[in-house]
Amino acid sequence: MSASTSTPHLPAYAAILRHAVLLVTGALVLIPFVWMVSLSVKPPGEIFRAHFSLWPSQFYGVENYTKALTEAPLLRYMGNGLIVCTLILGLQIIVCAPCAYALAKLRFAGRDLLHGLVLIGLLLPHQVLSLPLFILCYQLGILNTYAALVFPYVVSPFGIFLFRQFFKAIPDDVVHAARLDGLSELAIIWRIMVPMALPAVIAFSIFSVVGHWNDLFWPLIAVRDQSLMPPPLGIMAFKNEEAGNDYGPLMAASTLVVLPLVIAFLAAQKWFVEGLAKGAVK
Amino acid sequence: MAACSFQSITKSFGPTPVLRGVSLSIADGEFLTLLGPSGCGKSTLLRILAGLEVQDAGSVSIGERAVDGLRPKRRDVAMVFQSYALYPHMTVASNVALPLRMRRLSAFQRFPLLGRLLPGTARTAAEIDVEVTRTCKSLGIGHLLDRKPGQLSGGQRQRVAVGRAMVRHPAVFLMDEPLSNLDAKLRVQMRAEIKELHQRLGVTFIYVTHDQAEAMTLSDRVAVMLEGELLQVAPPQVIYADPDDRRVAEFIGSPKINMFDGVVREHGLIDVAGSTLAIEVDALAGAPLTLGIRPEAFHLADHGGPGALTGSVRMVEHIGSDLFVHLDLAGVDHPLVARLLAERAPHIAPGQDLHLRVFPDRVLLFTRDGRRLRRRVESGRASVTPIRELAR
């Protein structure tokens, strides 16, 4: 979107000021990441040295990363994260798109009330619900399973709201044309509405995957079994039990955990812009 | 192919009545236009026929069967929308193919990837491809099959929308203001193409527009709607020359028909705008009525006096062969507009006095509440006025 926008004829001092502000804010966001990567290749002795250097005098990366991968089942944690995030995202889209379609395009009694309830759901932080959800999971007997990690997130008020706003912007005539062309309501959702709202789907996917990949709070409550732990919980277990205060391998593990997200985001970003451009046609 | 009929359709959106008991029959193969200003209910009527809206009361039938309660896809109608309503994420070929795919392939056969492996899918898909290509070629968009709607011009999108409607050979073709998003030149061209399409396909067309030029040039019959009521259904020339209602007379024709309040003086004479015209009328002396005079029903007179209208010229508009003269008459608050042949009226300038006479048999008489008063002499003889005046 902003890839090729430039402001012509900006005075030099304004350009410098603008870039300075951008660089400082960018640095504030990036420094912790850079530090994490930097620590992950340092030997224990260098980590707590008084003066800071970006690159270690003694490269200790191989040892740290080997330790991170071998001393705790890090790949297992990441595999868990992948399974949980994929299930959550898939089910969320399957549930949210029809809900959003009904709220955006169908006329029925109580529609506005239901939409109001969705908005209330949007206001509630998930943590507030953790105790009732824990009891519900206990009653269902799904505690300490993948189901416990997935089920509380399947209905996403945010997803319903976001899709509804996008679907509302699609002209009714398109829905009418699809009905005349012989599409059922479900076919309209999956063949017409969702593809037309692709930018929303991708944006929502990014939010959902990042949120649930990095989620610590609910997995901490829902699972005890190490073989079910998603990455952040795994790192925590790793820190306490395996590595102690050994920050090198801990940072190496953290780097490995965020790496898939960074790669996925860079890939999706390209798509995201493409999706926006496609969505812009009349 | 099928005839259609509406019986006493009513429809309200909330407290607002949109249709007030509309009944209308459309013959098989007819081109009927629903004409009216925006908000008169014409699009709603079309959507009720298509099954996209449900009427509050009344019934709709297509062919021999009542279609009330049938889903849109079961009604065998196709529709072209004002916004075209193309699917922006699909190519032209997929857009046009979709109605056929939905009808001829089963849900399993339409399943992404796996559907292709099922028996018969490939053959049916190939047949559909052939038909889509043929349809698109006949519309002149054969070279655009792989484009997305966003890469097409307005006229091309319009053709894709028509292609998607005609590819499955519907019994009834519905068009909801299909030309209003096009520029003036393209509109005239597409108008001709739609007319041609109707002649080629021979199916029933129901066309909604607020543009009287489209209605007049395209239709076999025009149905004029106003405020949810059907005022008159008749061939274009009758709608123009022999309207049933003052509102029809005022809606049709450009420039607008001149309306003057008059009073019957005695049999055969009407006082109007400070003059007395000799017009046959079945009304008692002293009866108030309204005279509707089309701009082209005037002709120049050399001198004033009984039977002539005299006023001062306010403005002259030249349109080539003819000119429109706006005349201020004494005692009338709005100017009279007359259409005169340019060669007969060469020296008209603003400010000068002008005398006009009227062809008495082309004066339309209305009661003050807007109903048409027909003269006995004229009944059965629809005076036909060329409608070329309307084609802009």
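These legends describe close-up views of a predicted model.

**View 1. Helices H4 and H5 of chain B at their crossing.** Helix H4 of chain B covers residues 154-166, and helix H5 of chain B covers residues 184-201. Their axes come within 11 Å and cross at roughly 15°. Angles under 35 degrees count as roughly parallel, and H4(B) and H5(B) are therefore roughly parallel to each other. The crossing of the two helices is right-handed. On the H4(B) side, the residues in contact are B:Gly154, B:Gly155, B:Gln158 and B:Met166; on the H5(B) side they are B:Leu186, B:Met190 and B:Leu201. By class, the residues of this contact are four nonpolar, three polar and no charged.

View 2. Of the 13 residues of H4(B), 11 are buried, so the helix is largely enclosed by the rest of the structure. The buried set includes the arginines B:Arg157, B:Arg159 and B:Arg164. B:Gln158 is also buried, and this residue takes part in the contact with H5(B). Other buried residues of H4(B) include B:Val160, B:Ala161, B:Val162 and B:Gly163. At 1.5 Å a residue, H4(B) should span 18 Å, and its end C-alpha atoms are 18 Å apart, which agrees.

**View 3. Helix H1 of chain B and the glycine that follows.** Helix H1 of chain B is made of residues 42-50. Nine of its nine residues are buried, so H1(B) is largely enclosed by the rest of the structure. The buried residues run from B:Lys42, B:Ser43 and B:Thr44 through B:Leu45, B:Leu46 and B:Arg47 to B:Ile48, B:Leu49 and B:Ala50. Just after H1(B), B:Gly51 has a positive phi of about 90°.

**View 4. Helices H5 and H8 of chain A at their crossing.** Helix H5 of chain A (residues 111-123) and helix H8 of chain A (residues 157-169) have axes that come within 8 Å and cross at roughly 130°. H5(A) and H8(A) are therefore oblique to each other. H5(A) passes H8(A) in a left-handed crossing. H5(A) contributes A:Val118, A:Leu119, A:Gly121 and A:Leu122 to the contact, while H8(A) contributes A:Pro157, A:Phe158, A:Ile160 and A:Phe161. The contact has seven nonpolar residues, one polar residue and no charged residues.

**View 5. The side of chain A that touches chain B.** Here 16 residues of chain A are in contact with 20 residues of chain B. The elements of chain A that give two or more residues to this side are helix H9 (172-180) and helix H10 (185-196). H9(A) gives the most, with six residues. The chain A residues on this side divide into nine nonpolar, two polar and five charged.

**View 6. A:Met236 in helix H13 of chain A.** A:Met236 lies in helix H13, which covers residues 231-243 of chain A. A residue counts as buried if 20 or more other C-beta atoms lie within 10 Å of its own, and as exposed if there are 12 or fewer. A:Met236 has 15 other C-beta atoms within 10 Å and is therefore partly exposed. A:Leu22 is 214 residues from A:Met236 along the chain, and the C-alpha atoms of these two residues are separated by 33 Å.

Notes:
Residues are numbered from 1 along each chain as its sequence is written. Chains are lettered from A and ligands numbered from 1 in the order in which they are written. This is a predicted model: local features need pLDDT of at least 70, side-chain atom pairs count only at pLDDT 80 or more; totals for chains, interfaces and linings use all residues. Axes are lines fitted to C-alpha atoms, for helices over the stretch in contact, and angles run from 0 to 180 degrees between N-to-C directions. Helices (H or I, at least four residues) and strands (E, at least two) are DSSP runs, numbered from the N terminus. Angles under 35 degrees count as roughly parallel, over 145 as roughly antiparallel, 65 to 115 as roughly perpendicular and the rest as oblique. A crossing is left-handed if the near helix is turned anticlockwise from the far one by less than a right angle, and right-handed if clockwise. Two residues are in contact if their C-beta atoms, placed from the backbone, lie within 7 Å. Ala, Val, Leu, Ile, Met, Phe, Trp, Tyr, Cys and Pro count as nonpolar, Asp, Glu, Lys and Arg as charged, and the others, Gly among them, as polar. The expected span of a helix is 1.5 Å times one less than its number of residues.
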